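This briefing covers the surroundings of a ligand and a few residues of the chain.

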Amino acid sequence: MATITETVRRPQVRQTQCFIGGKWIPAASGKTFETIHPATEEVICEVAEGDKEDVDAAVDAAREAFDHGEWSKMDARDRGALIHKLADLIEEEKDELAAIETLDNGKPISDSRNADIPLVIDCLRYYAGWADKIEGRTIPIRGNYFCYTRREPIGVVGQIIPWNFPALMTAWKWGPALAAGCTIVMKPAEQTPLSCLRMARLAQKAGIPDGVINVVPGYGPTAGAAIVKHPGVDKIAFTGEGATAKIIQREAAETMKRLTFELGGKSPNVIFADADLDAAIEGAHFALYFNQGQCCCAGSRLFVEERVHDEVVDRLRERNLDRKVGDPFDPETQQGPQVDEAQFDKILKYVEYGKKDGAKIVSGGKRVGDKGYFVEPTLFSGVTDDMRIAKDEIFGPVLSVLKFKNVDEIVKRSNATNFGLAAAVWTRDVAKAHRYAANVRAGTVWINCYDVFDAAAPFGGFKQSGLGRELGEAGLANYTELKTVTVSMT
Ligand code: NAI
Ligand code: MG
């Protein structure tokens with residue numbers, strides 16, 4: 001086992017205050033809240049607890065920077081260069097940022113280092129390249145007119161993110177907003193404010209002008225709600241629970257804010273008997289257990305064709321028993337703790353529901369140790385579509401295996417949900433794979449792979465899994481307003 005040095009375990013936390021108009025300031029109320037390390041339940045530090053007054057100040061700063069500052073009007077290529085500079089500074093500090101992420105969220109250091117932070121850098125670089133490629137069109141309208149469109153930044157955007165990928169969600173939100181020339185008021189999740197605050201410091205160091213990025217840590221119903229209600233905010237980009245999104249949608253109606261939502265899922269992952277089973281089993285394991293099962297697109301309904309069902313369940317069980325659960329700072333660890341007690345309790349409650357509803361525990365189902373929010377990789381077989389573990393988003397390391405017989409049945413059952421974020425299919429039959437991809441109602445479909453993300457590929461939900469898209473050109477478009485200009489040529 002690798003030796004874990006004290007410096008890796010305890011990265012230095014330097015930013016714990018609100019970041020408003022380029023200044024680091026305590027909350028107006030003077031209040032703070034604790035953020036904890038979920039593997040030990042120890043307090044890492046106190047963080048400023050922002051509320052309405054702080055949000056008001058942050059919106060004023062963002063408004064000023066948007067309406068009167070240089071940001072949205074500077075040469076687009078220069079704006080792109082500043083985003084590149086931010087990516088460079090994150091790259092310079094990538095080990096420390098990864099350690100902060102692991103400390104605050106509990107995710108394994110190997111994931112923070114090899115997935116989260118590299119994806120952050122890649123996302124920012126991708127959008128840096130877009131800054132000077134946001135183009136309008138010329139339109140041949142009737143009459144003697146010259147008609148063209150402009151894509152303008154939407155204005156001040158309020159960004160509210162969850163705790164499952166704190167740094168990456170920050171990059172997904174900042175990248176397109178900055179490229180478009182918007183200014184930002186962000187509220188990180190109360191469980192995990194630290195990496196976002198560090199990134200704000202790096203943005204300042206990169207030379208992104210004061211007021212362009214503002215961060216107000218705090219709770220949802222206070223700081224979050226204040227952003228949503230503020231008339232000076234033009235758009236809300238939110239990632240989190242569907243129930244929260246519905247509150248936001250109602251509150252935002254008053255000021256007609258533009259909205260994009262990235263919500264939950266109960267994504268079907270389908271293994272046909274003709275699949276490469278080695279790849280499918282490893283893929284199904286990864287699809288659910290990655291990030292402690294705390295993924296909006298987790299492959300949480302695993303449909304397995306009858307003929308290979310027993311073999312797949314057996315091999316998934318073996319794979320689970322092999323999974324290394326423990327100290328997230330150990331580079332060998334594959335699974336860390338859940339993010340907090342509320343999530344931990346919710347997961348164990350669903351394990352009880354599974355048993356009560358008649359599913360069979362194949363592996364796991366219990367807490368690991370007596371300190372920290374660790375849950376065994378849990379596998380249920382004999383799950384039917386009506387069980388709570390097959391319908392609700394559990395957001396933990398609990399995989400449900402369901403049996404199926406043929407392709408028509410599987411499309412219907414895949415779609416029998418209000419969610420529609422992602423789906424995957426494992427088969428060697430190309431036509432069958434594409435038929436499934438065309439008929440499943442989900443924003444992303446993976447064929448013979450899972451969780452393949454790229455900043456260039458749009459991501460988002462059908463149905464109650466979301467509104468609008470993030471990443472790619474589509475994600476950028478959601479940070480712009482389209483203006484039509486018509487000129488008389490006479
Ligand atoms: P949540 O939706 O309550 O929190 C996400 C963010 O929204 C946080 O920053 C929170 O402070 C903020 N927020 C909460 N209430 C708000 C309000 N009224 N106005 C404005 N902002 C508000 O999600 P939570 O409670 O952390 O997790 C609950 C469940 O949601 C999880 O068990 C999981 O099923 C799902 N979830 C889904 C995520 C996804 O990536 N789709 C991410 C996190 C949670
Ligand atoms: Mg909540």
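In this predicted model, Gln 292 lies in the loop that joins α10 to β13 (301–305). Gln 292 is not a glycine, yet its phi is positive, at about 60°.

**Residues with positive phi**

- Gln 292 has 0% relative accessibility and therefore counts as buried, the limit for that class being under 20%.
- Phe 395 is another residue other than glycine with a positive phi, here near 60°.
- The loop between α13 (388–391) and β16 (398–404) holds Phe 395.
- The relative accessible area of Phe 395 is 13%, so Phe 395 is classed as buried.

**Tyr 289**

- Tyr 289 belongs to helix α10, which covers residues 277–289.
- Because its relative accessibility is 0%, Tyr 289 is counted as buried.
- Tyr 289 and Gly 396 are 107 residues apart along the chain, but 7.7 Å separates their C-alpha atoms.

- Sorted by class, the shell around ligand 1 contains twelve nonpolar, nine polar and six charged residues.
- There are 27 residues around ligand 1, and those that come nearest are Trp 163, Glu 190, Thr 244, Lys 346 and Glu 393.

**Polar contacts and cover of ligand 1**

- On the side-chain part, an N or O atom of Lys 346 is 2.6 Å from an oxygen atom of ligand 1.
- Glu 241 takes part through its backbone, where a polar atom lies 2.9 Å from an oxygen atom of ligand 1.
- Gly 240 also takes part through its backbone: one of its N or O atoms is 3.4 Å from a nitrogen atom of ligand 1.
- On its own, ligand 1 has 830 Å² of accessible area, and the protein covers 90% of this.

Definitions and conventions. Residues numbered from 1 in each chain as written. Chains lettered and ligands numbered in written order. Predicted model: local features only at pLDDT ≥ 70, side-chain atom pairs only at ≥ 80, totals over all residues. Heavy atoms only, no water. Near = heavy atom within 4 Å. Polar contact = N/O pair within 3.5 Å; in protein donor to acceptor, adjacent residues only side chain to side chain. Areas by Shrake-Rupley, 256 points an atom, 1.4 Å probe, with all protein chains shown as cover. Nonpolar A, V, L, I, M, F, W, Y, C, P; charged D, E, K, R; others polar. Helix = DSSP H or I, 4+ residues; strand = E, 2+ residues; numbered from the N terminus. Buried < 20%, exposed > 50% of the residue type's maximum accessible area, 1.4 Å probe, protein only.
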